[in-house]
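The structure comes first, followed by the points by topic.

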Amino acid sequence: MTPSSVLLTLALSFAGLSALCLAMDRHHRAIFRGAPSRRRARALRVAGWCGIGAAFAAAVITADWNFGPVQWLGSLTGAALLVVGLVSYRPRWVRPAALVALPVAAVAAFLA
Amino acid sequence: MKQGFRQSMAWLHTWAGLVTGWVMFCVFVTGTATYYRTDISHWMRPELRPAAVEPGIAAERGAAYLKVHAPKAVAWYIALPQEERPLLDVYWFDSFDTPIRQATLDAGTGQPSTARATQGGDFLYRFHFELQMMPLIGRWIVGASALILLVALVSGIVTHRRIFSDFFTFRRDKSAQRGWLDAHNVTGVLALPFHLMITYTGIVTLAFTLMPWGVASAYRGDALRFFTEAGQNPAGRAATGRPAEALPLAPLMARAQGEVSEPLEMAIVNNPGDAAATVVAVFEEPKGLAHRHPQVVFDATSGDVIDRLGTLKPAAHVFTSFLGLHEAHFAGPALRVLFFLCGLMGSATIATGLVLWAVARAPKAGAAPGFSLRLVRGLNLGTILGLPIGIAAFFLANRLLPVDLVGRATWEGGVFFGAWGLAALVGLARPQARTWREMGTAAAVLFLGVPFVDVLTTDRGLDFLGFDAAMIAIGLLLAWGARKVSRYRGPARARAAAPDNLARA
Amino acid sequence: MPDEAALRPPSPGWRLRAAVAGRVALAAFGGYGVAALATAFLSLVLPMARSEAVATATLLSFAILVGAVIWVFSARTLGRAFLGLAVPGGLLAAGLWLALALVQTAQPA
């Protein structure tokens, strides 16, 4: 549960949760024009769950089974709060932030 | 109750939440602060500089003090110093019926510490599970409230219709009630695993106070025997009444440290000076969730090891893991920030719930609120803003009260309750929107004042940067909140017709 | 909105207040009673070491308590709520009485 490990799970959770958020009609509408197409929604949902799964794997690998699950749940909460904050106050930042989260995760993975 | 399960649960959630809300808000806020208990204690004793003291030598200094001041005690407890806290806390019981006595010693000299007298972060910690009341009453109030909160959590989950589709939803541009409900749902659902975990594990920390019936039936009430069989305590040895010379503590501590890799935390001497005296070396919890302390027990006169406490059986391991999860001692700095954030969200869930309760019952435009609504609004104000005001005043008192004031620690506690009480009275007397803005601003100013006063009255340079930065962040958050509350004008279409809905909060 | 409608209660008469008070009392005392009986009973009969049984039973007791409270407030009538606690409570009490008589318990120190 080193800081870089926490940053890694946070970044992956954030990317995944942003995707799940954008897959929803209401939030997609707030950022782009109209609701997402069926294919796009499904792709976003798959990406979202992959991100969350990757965060779990990263947590367990870097912080082992004792603390990994706790760190994963904490990261999901922190990341979700950030997504809600952005979607409510700066919706146009959600997609760029989610994309930036990926290289941040890569750097954190290297450090962890 | 006749309406169907979901509606019954909605009713239960509303009323259980109200009944437990004020107490649990305070428990959550002080509990969240307790994640940084040692940092707070550190900040509140600025005279204390970090110093490494060898634990065995420190233990002997503590024992020397106790030999002079408590030679007839039935047990001595010597809490060993840490590098950032080079103090020895010594405790003793003159007999098992008299209350515990304590002293704080400088670990370098073994004499009473000259750092300012204060309870430090332990004040907020004791408030968290005991409300600074007599232990049994305070713990029962907190325990019962936590059980009711658990009921509110479960009923809230059942009642929340769109828990997945509304996961990320926070609408600020519709009605005030919608906004507060969304805030309540978001802070509640996003940290739901934490809320369920922390509430249940919190109840478990008080388990044998709230539910002693297992020990009553299986052990005929002999709790000490239960804890010994569970591997938490070494078995006690009765005093013989014959005096005997005890070995010095330092070599015993060193031998114990040779067996266990965790740092030493405490030395306990049972029946000091007696032929049957024992010395227990207690270590910090090893890495892992379980809140268990390895212990090595020596015969005080011969130095033989008579007992070792290590691994636990499955149920005991689960039990102590729940304790460990609640205290989160295992968390590194980054994970601790996440726990702190979740604690804040829990406090926000309760606060938004209390405000929502009042907003949903706001009378129509022009009508006056009834007594019970005015009472709820007043209590909301007095609790949600009163407690932060009390905490900020507590920190300010620590810096502003004279260092050699008699009963200083009690005075600091007095300022905490006094400031809170004053704020609560103001809130009860004027429960309107304007008071939220005014008290919110007052709270912000007090928090922003803490680092200011800190820099003026101490000379620790950048040592307290983290704490002071946190005070500024909290102050700014409160100021932002106060501004938001005062600027809210209701949804566009309602603005023309009705006055500010939020004014009724 | 349905959620908000559920938040506005109708103005209550004394009959409703009495029914609510009855449920609250039943949930508090009856719920705690059932949980306490279950803890005492399970501590004696669970097939594990004595300290383990006490730890397990005590950990479970709070879930039982919360479950009992949920039951009391969701039952259709106060009478049903009462029976839903009284029957398991009675069985647990009988079982506890038997267990205390049959199972070896610790002598007080």
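The largest nonpolar core of this predicted model has 174 residues. A nonpolar core is a set of buried Ala, Val, Leu, Ile, Met, Phe, Trp, Tyr and Cys residues joined through C-beta atoms within 7 Å. A residue is buried if 20 or more other C-beta atoms lie within 10 Å of its own, exposed if 12 or fewer, and partly exposed in between, with C-beta atoms placed from the backbone.

**Cores**
- Val83(A), Leu150(B), Val151(B) and Ala392(B) have the most contacts inside the largest core.
- Helix α3 (residues 38-89) of chain A supplies the largest share of this core, 18 residues; helices (H or I, at least four residues) are DSSP runs, numbered from the N terminus.
- Apart from neighbours within four places in sequence, Leu150(B) is in contact with Thr199(B), Tyr200(B), Ile203(B) and Val66(C); contact requires C-beta atoms, placed from the backbone, within 7 Å.
- A second, separate core of 38 residues includes Leu48(B), Leu66(B), Met253(B) and Ala281(B).

**Chain B against chain C**
- Here 44 residues of chain B are in contact with 40 residues of chain C.
- On the chain B side, at least two residues each come from α1 (5-34), α5 (135-159), α6 (176-190), α7 (192-205), α9 (213-218), α10 (223-229) and α12 (314-327).
- The element giving the most to this side is α1(B), with seven residues.
- By class, the chain B side has 29 nonpolar, eight polar and seven charged residues. Ala, Val, Leu, Ile, Met, Phe, Trp, Tyr, Cys and Pro count as nonpolar, Asp, Glu, Lys and Arg as charged, and the others, Gly among them, as polar.

**Chain B against chain A**
- This contact takes 22 residues from chain B and 22 residues from chain A.
- On the chain B side, α6, α7 and α13 (333-359) each supply at least two residues.
- With seven residues, α13(B) has the largest share of that side.
- The chain B side divides into 17 nonpolar residues, four polar and one charged.

**Thr320(B)**
- Thr320(B) lies in helix α12 of chain B and counts as buried because it has 23 C-beta neighbours inside 10 Å.
- Beyond four places in sequence, the contacts of Thr320(B) are Ala290(B), His291(B), Arg292(B) and Leu312(B).
- From Thr320(B) to Gly413(B) the separation is 93 residues in sequence and 31 Å in space, C-alpha to C-alpha.

**Conventions**
- Residues are numbered from 1 along each chain as its sequence is written, and chains are lettered from A and ligands numbered from 1 in the order in which they are written.
- Local features need pLDDT of at least 70 and side-chain atom pairs count only at pLDDT 80 or more, while totals for chains, interfaces and linings use all residues.

Notes. Two residues are in contact if their C-beta atoms, placed from the backbone, lie within 7 Å.
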